[in-house]
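Please look over the protein shown below before reading the notes that follow.

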Amino acid sequence: MIQRLNGWGRAAASIAMIALLTTTAGCGRSTAPAASGETGAATTAAEGSSAESLVPADLKEKGVLKVATAEGYPPMEMYKEGTTELIGVDPELAELIAGQLGLEFQISNASFPGLIPGLQSKQWDLAISSMSDTEERRQAVNFIDYFVAGGAVMVNKGNPEGISGIADLCGKNVVGAKGSSNLAILQDYSEQECSTPMKISESEDAPTGLLQLDTGRAIATMVDYPVAIELATKSGKYEVLEDQYEAGPWGMAVDKTNQELTTAVQVALQELIDNGDYQAVLEKYGVTDAAVESAEINAGQ
């Protein structure tokens, strides 16, 4: 069953519920999350310890936090206009995390489907790229959850096909970003709910998916809600339908075997929440409605 939220403001209810559930579930847990994907609050994970003091010895010796993201989802991750400098909520939050850990910051742009394999091969230490915290992904990584949002349907301006929600996409040509949770939502709905399946194509990212709307090859796409709003506002060519689907936490990913770094990043995020720097980044990009109240590990359903 596809879960739906009506409008961006309804995400606040999800945030409160997730915070309640994960705080309760986290009581009395050990200092590192279990391999099965348990949750926990930063104060439970490493009470009284600073993030910097929890950095694994081998990483501390290297002195650099290597981070990967997948550019193309403003305001979360994008290039500064006219440059190849990565900016947005995710790169800037990751840089603050590195600072809390006492490490230099290095960020790379990668393909979204390659982010988790890159963590597993030790190509980088942390991936942050509007990545939904899902049970499937938690088989390979731990998530430090920092954001709550869902997917939204985007159509051409004026909504010429009269699409009111995901149900109206059955039997139609639609597009979703390769490897994304939004593509999975479209595929699952099509298989489970549509009497006539959607004709779903895959794009490299959200902007290239929108090119299919421009050329008439697709009538709609599904994009993370804050990204959809940003793309529609900047281009003036699209509309974002009100409902959000499968709203839940997004997480910074760390390889499942690196429990020490998972805890250190969790505590670093909590420090940024406590000192106000986390909120400042979200305010800068107009996405404070998606803020979490505390740093949690693997809070997704």
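Which residues in H9 meet which residues in H10? Leu269, Leu272, Ile273 and Asn275 of H9 meet Asp277, Tyr278 and Gln279 of H10, where contact means heavy atoms within 4.5 Å. This is a predicted model, in which local features need pLDDT of at least 70 and side-chain atom pairs count only at pLDDT 80 or more, while totals for chains, interfaces and linings use all residues. Residues are numbered from 1 along each chain as its sequence is written, and side-chain values use heavy atoms, with hydrogens and water left out.

**Overall make-up**

- The secondary structure of the protein comes to 10 helices and 13 strands, these being DSSP runs numbered from the N terminus, with helices (H or I) of at least four residues and strands (E) of at least two.
- Of the 301 residues of the protein, 55% count as buried, a term that stands for under 20% relative accessible area, with exposed being over 50% and partly exposed in between (1.4 Å probe, protein chains only).
- Among the contacts in the protein with a separation of 6 or more, 76% are accounted for by residues 24 or more positions apart.

**Helix pairs that involve H10**

- The axes of helix H9 (residues 259-275) and helix H10 (residues 277-284) come within 4 Å and cross at roughly 75°, the axes being lines fitted to C-alpha atoms, for helices over the stretch in contact, and the angles running from 0 to 180 degrees between N-to-C directions.
- H9 and H10 are therefore roughly perpendicular to each other, given that 65 to 115 degrees counts as roughly perpendicular, under 35 as roughly parallel, over 145 as roughly antiparallel and the rest as oblique.
- By class, the contact of H9 with H10 has four nonpolar, two polar and one charged residues, where Ala, Val, Leu, Ile, Met, Phe, Trp, Tyr, Cys and Pro count as nonpolar, Asp, Glu, Lys and Arg as charged, and the others, Gly among them, as polar.
- The axes of helix H4 (residues 89-100) and H10 come within 10 Å and cross at roughly 160°, and H4 and H10 are therefore roughly antiparallel to each other.
- On the H4 side, Val89, Glu92, Leu93 and Leu96 make the contact, and on the H10 side Asp277, Tyr278, Val281, Leu282 and Lys284; the residues of this contact divide into six nonpolar, no polar and three charged.

**The disulfide**

- The structure holds one disulfide, that is, a pair of cysteine sulfur atoms within 2.5 Å, and this disulfide joins Cys170 to Cys194 with an S to S distance of 2.0 Å.
- The link of Cys170 and Cys194 is left-handed, with -70° about the S-S bond.
- Cys170 lies in the loop between strand S7 (141-156) and strand S8 (173-177) and Cys194 in the loop between helix H6 (181-193) and strand S9 (199-203), so the pair ties together parts that are 24 residues apart in sequence.
- Cys194 counts as buried, at 11% relative accessibility.

- In helix H8 (residues 225-235), the buried residues are Tyr225, Pro226, Val227, Ala228, Glu230, Leu231 and Ala232, and the buried residues of H8 pack against S7, helix H7 (206-214), strand S10 (220-224), strand S11 (238-240) and strand S12 (243-255).
- Glu202 has its place in strand S9 and counts as partly exposed at 45% relative accessibility.
- The C-alpha atoms of Glu202 and Val175 are separated by 5.6 Å, although the two are 27 residues apart along the chain.
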